[in-house]
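Open the model in your viewer and keep the selection panel at hand. The tour moves from one selection to the next.

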Amino acid sequence: MRPKEGIKMKVDVVDPPGKVVKLGNVCIGQTVKKMVTVANKSAAPLTFKLRVTSTVPELQEAGVLCLKPSKDLKLKGRGDTCKVEVTFSPKRRMQPFSGEVLLECRGLVRSLCVVRGSCQGSLVSLDQDQLSFGAVVQQSYTCRRVVMRNAGDTRVRFMWTWRASSQTFPSAPQRLSQAVQYEGLRCFIQGSEALRLTLAGSCVEAPGPKR
């Protein structure tokens, strides 16, 4: 119902104090729920809707930061209250962020409270995505080094996966070839997307004895 002419719309958060919802620093895969108490202090009943907004891209993913109920809320006037649940279910690492819970009523939009939180997790990367072994003599081997770095907050488990077609690289090459390449060598990272590495090289004949 639209407020009567001349009646000021006054909707406030009465809990938590300070109108700040603290979600804390959680881990990937965890879910945090906080309750917010909203009061209609207007003289007339109101129907309105709440939504949460933030400029952080990770919070735009479905189900990461949401409000329940998501439908229209109806409150009587003069202090009627309702409970709103703020749910935070991060899927990836996030630096400390803030967002706003907005109230929408008959074309009017206003900030109701602030939500703050962060998500700790791993942030793993390789120093290169393509590794060249150069020319390797048949039935011999050479070594190259790849540096893996975790710039995140937590320890992480990882595992490299080899397929039959990649055996030329972990073992000594048996067949002569001008170009050997293996694309998509994957390193599975706990709680994150897999990293990919391309291997390249060639297998040459051993030099003959000097005369």
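A residue counts as partly exposed when its relative accessible area lies between the buried limit, under 20%, and the exposed limit, over 50%. Glu61, at 24% relative accessibility, is therefore partly exposed. Keep in mind that this is a predicted model.

**Stop 1: Glu61 and its partner**

Select Glu61 together with Arg92. The two form a salt bridge, with the closest N and O atoms 3.1 Å apart. Arg92 sits in the loop between strand 7 (80–88) and strand 8, while Glu61 sits in the loop between strand 4 and strand 5 (65–68), so the pair ties together parts 31 residues apart in sequence. Arg92 is partly exposed, at 38% relative accessibility.

**Stop 2: Arg93**

Now select Arg93 and Asp153. Here is another salt bridge, its closest N and O atoms 2.8 Å apart. Arg93 lies in the loop between strand 7 and strand 8, and Asp153 in the loop between strand 12 (148–150) and strand 13 (158–161), so this pair ties together parts 60 residues apart in sequence. Asp153 has 44% relative accessibility and counts as partly exposed.

**Stop 3**

Go to Arg51 and Glu104. Their salt bridge brings the closest N and O atoms to 2.3 Å. Arg51 belongs to strand 4 (residues 46–53) and Glu104 to strand 8 (residues 94–105), so the link ties together parts 53 residues apart in sequence. Arg51 is partly exposed at 35%, and Glu104 is partly exposed at 28%.

Next, pick Asp12, Lys19 and Arg110. A network of salt bridges links these three. A search of the whole structure finds five salt bridges.

**Stop 3: the aromatic pair**

How many aromatic pairs does a search of the whole structure find? It finds one. Select Phe88 and Phe97: their ring centres are 5.4 Å apart and their planes stand at 65°, so the pair is edge-to-face. The cut-off for that label is an angle over 60 degrees. Phe88 is buried, with 0% relative accessibility. Phe97 is buried too, at 6%.

**Stop 4**

Centre on Leu50. What is Leu50 in contact with, leaving aside its neighbours within four places in sequence? The list is Val38, Leu67, Leu73, Val84, Val101, Leu102, Leu103 and Leu112.

**Stop 5**

Keep Leu185 and Leu197 selected. Leu197, in strand 15, is the bridge partner of Leu185. Now widen the selection to strand 14 (residues 177–189) and strand 15 (residues 195–204). Seven bridges join these two strands, which run antiparallel.

Conventions:
Residues numbered from 1 in each chain as written. Predicted model: local features only at pLDDT ≥ 70, side-chain atom pairs only at ≥ 80, totals over all residues. Heavy atoms only, no water. Phe/Tyr/Trp six-rings, centres within 6.5 Å; stacked < 30°, edge-to-face > 60°. Buried < 20%, exposed > 50% of the residue type's maximum accessible area, 1.4 Å probe, protein only. Salt bridge = Lys/Arg side-chain N within 4 Å of Asp/Glu carboxyl O. Helix = DSSP H or I, 4+ residues; strand = E, 2+ residues; numbered from the N terminus. Pairing = 2+ DSSP bridges. Contact = heavy atoms within 4.5 Å.
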